[in-house]
Amino acid sequence: MCSEKLSNESMVPSKLKRHLLTKHGFASEKPLDYFKRLASDQKIQASKFIKHSTVSDKAQEASYAVAKLIAKKMKSHTTTESTILPACYEIVKILFGEDFEKEVRKIPLSNNTVQRRIEYMSKDVEFHVNEKLKAAELFALQLDESTGVTGKPQVMTFFCLSVCTDGCSSMIGHLTDFLALVKKENPDITFTHCFIHREALVAKSLMPELNEVLQTVVKMVNFIKSKPLKSRLFNQLCSAMDSEHTQLLFHTEVRWLSRGRVLQRFYELREELLLFFTCKESKYADFLSDDSWCAKVAFLADIFEKLNYLNKSMQGKQENILISTDKISSFQQKLLLWISKIEKQTNWDMFDLVKNCHVNSDLTNLILKSLHLLYENIKKYFLSLDVSSTDWVRNPFIDSAYETTLFTTDEESELIDIKNDRGLKLQYSKLVEDIARESKLKKIKINVDVSSFWINLLHEYPKISRKAMNAILPFSTS
C-alpha cells in the first residue's frame with residue numbers, strides 16, 4: 001500500500017499488524033478481497049511500465065535500422081524527416097489506426113540523431129574489426145589503389161602475412177611504393193599478383209588479324225548504339241524478325257567480361273545486322289556477308305566465352321591460391337588438347353559456334369596460332385603452376401610423397417601425428433562428404449574449406465598448421 005520496503009525482522013505477524021494499524025489504520029477493517037484487488041492493480045500497473053520500456057527499446061532499434069539503411073544507400077540524413085517518417089506516419093495510420101501512428105512518432109530520427117547513429121555504428125564496426133585483427137595470428141589482404149579528392153593515391157593496410165594486388169606500378173615499386181614500404185616493416189611478407197588480372201592480360205593477347213575483327217565489331221556496335229534513333233530502328237527490326245534479342249551490348253575495356261558478351265550477342269544477331277547495314281548502304285554489310293569474317297567472329301566469341309568462364313570460376317567463397325592455380329593449369333592443358341584435336345582430326349567440337357561454320361585452311365592456321373599464343377602467354381604470366389608440393393595442405397591424410405626438405409623436423413613430426421590420427425581422419429572425411437552432398441543438392445561445385453580444418457588444429461599442432469595457413473591464406477584475386 002505504501003511501497004515501503006521492510007526488513008526481514010519486520011515480517012513477523014505482530015510487527016506487520018502494528019505497521020498496518022499505525023501507517024494504514026483506515027484499511028485495518030477492510031476485507032481480504034480489498035487487498036487482493038490492490039495487489040492485482042499493482043501488477044497491472046507494473047506491466048504497463050514494462051510495456052512502455054519495451055516500446056522505447058524497439059523505437060531505438062528502429063532508429064538504428066533506418067540510419068543503417070540511410071548510410072548504405074548514401075542518402076542525405078534529412079531524408080528521414082522529410083520523406084521516410086511522413087510516409088511511415090501515413091502508412092501506419094491508414095493500415096493500423098492513430099494509436100499505432102503515435103508509437104511510430106516516438107522513433108528518434110532527426111538529422112543529428114541519424115548522424116550520431118551512423119557514427120556509433122561505424123565506431124562499433126571499427127572496434128570489432130580491430131579486435132579480430134589483434135586476435136588473429138595470421139591474415140591476408142586484398143588491396144586496390146584509391147584516389148582521394150586531392151588526386152593522391154591512398155591505401156589503408158595492416159601488417160599481415162600476404163598482400164594481393166593488381167600489379168600496378170604504385171603497388172609493386174621497389175623503392176618508395178607500397179611493396180617497398182611494407183617490406184621495410186615486415187621483410188617476410190609475400191605479395192601475389194591477382195590471378196584474374198593476369199588472366200585478363202592473357203586474354204588481351206590476340207593475333208593482329210583477330211584484333212582487327214574485334215575492333216570492327218566494336219565500331220559496328222558503336223555505330224548503332226551511339227545514336228538513339230539507330231538503336232530504336234534496330235530494335236524494331238529485331239522485333240519484326242522475332243529475334244531472341246533486340247539490343248546489342250556495349251564493349252567496355254575496363255570490364256574484362258564484356259568482350260565475350262558483346263561478341264556472343266553480335267554473332268547471334270549477325271543476320272539482323274546484315275539486313276540493317278544493307279538498308280543503310282554501309283560498308284559494314286560487306287563484312288557480315290563474308291562467311292570467313294563471320295567465322296572469325298564465331299571463334300572470338302567462343303574463346304572469350306571460355307576465358308570468361310575461367311575468370312568467373314576464380315571468384316567466390318572458399319577460393320584460394322591453390323584452387324585458382326589448378327584452374328589456370330587446367331585451362332593451359334585444355335589449350336594443348338584443343339590444338340591437338342584441330343591439328344590431327346580437324347575437330348571443332350570444343351567451340352560451339354565455330355563447329356557450325358565453314359573453316360578453311362587459312363582460318364584453321366590462324367586459330368591454331370591464336371591458341372598457341374594463349375598457351376605461351378599463360379606460361380609468361382603464370383611462371384609456376386606446379387602446386388603438388390602442397391597437396392598435403394588440401395588433404396593431410398593422403399599417402400603421396402612430399403619434399404621433406406621443405407619441412408623442419410617438428411613440422412614433419414606433427415604432420416605424421418595428424419596422418420595417423422583416426423579421429424581427425426574421420427572428421428575430415430565427414431567434412432568432404434558434407435560438401436559433396438551440399439554440392440549435389442545445390443548443383444554447383446563447392447570447395448572444401450581446408451582453412452577451417454587447419455585453424456582448428458592451430459593449438460594442438462601449431463607448427464604444421466601455421467605452415468599450411470601460410471600456403472592457403474594468400475588471396476589469389478584482388
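Trainee: What is the relative accessible area of Asp352?

Mentor: Asp352 has 49%, so it is partly exposed. Buried means under 20% relative accessible area, exposed over 50%, and partly exposed in between (1.4 Å probe, protein chains only). This is a predicted model, in which local features need pLDDT of at least 70, side-chain atom pairs count only at pLDDT 80 or more, and totals for chains, interfaces and linings use all residues. Residues are numbered from 1 along each chain as its sequence is written, and side-chain values use heavy atoms, leaving out hydrogens and water.

Trainee: Which residue forms a salt bridge with Asp352?

Mentor: General idea: side chains of opposite charge can pair when their charged atoms come close. A salt bridge puts a side-chain nitrogen of Lys or Arg within 4 Å of a carboxyl oxygen of Asp or Glu. Here Asp352 pairs with Lys355, with the closest N and O atoms 3.9 Å apart. Lys355 is partly exposed, at 42%.

Trainee: How many salt bridges does the whole structure hold?

Mentor: The search finds 10. One of them joins Lys467 and Glu411, at 3.8 Å from N to O. This pair links distant parts of the chain, 56 residues apart: Lys467 sits in helix H21 (residues 462-472), Glu411 in helix H18 (residues 409-419). Helices are DSSP runs (H or I, at least four residues), numbered from the N terminus.

Trainee: Is Glu411 buried or exposed?

Mentor: Buried, at 13%. Lys467 is partly exposed, at 25%.

Trainee: Which residues are linked in a network of salt bridges?

Mentor: Lys430, Asp434 and Arg437. Lys430 meets Asp434 at 3.0 Å, N to O. Both lie in helix H19 (residues 422-442), four residues apart, about one turn of the helix. Lys430 is partly exposed at 49%, and Asp434 is partly exposed at 29%.

Notes:
Helix = DSSP H or I, 4+ residues; strand = E, 2+ residues; numbered from the N terminus.
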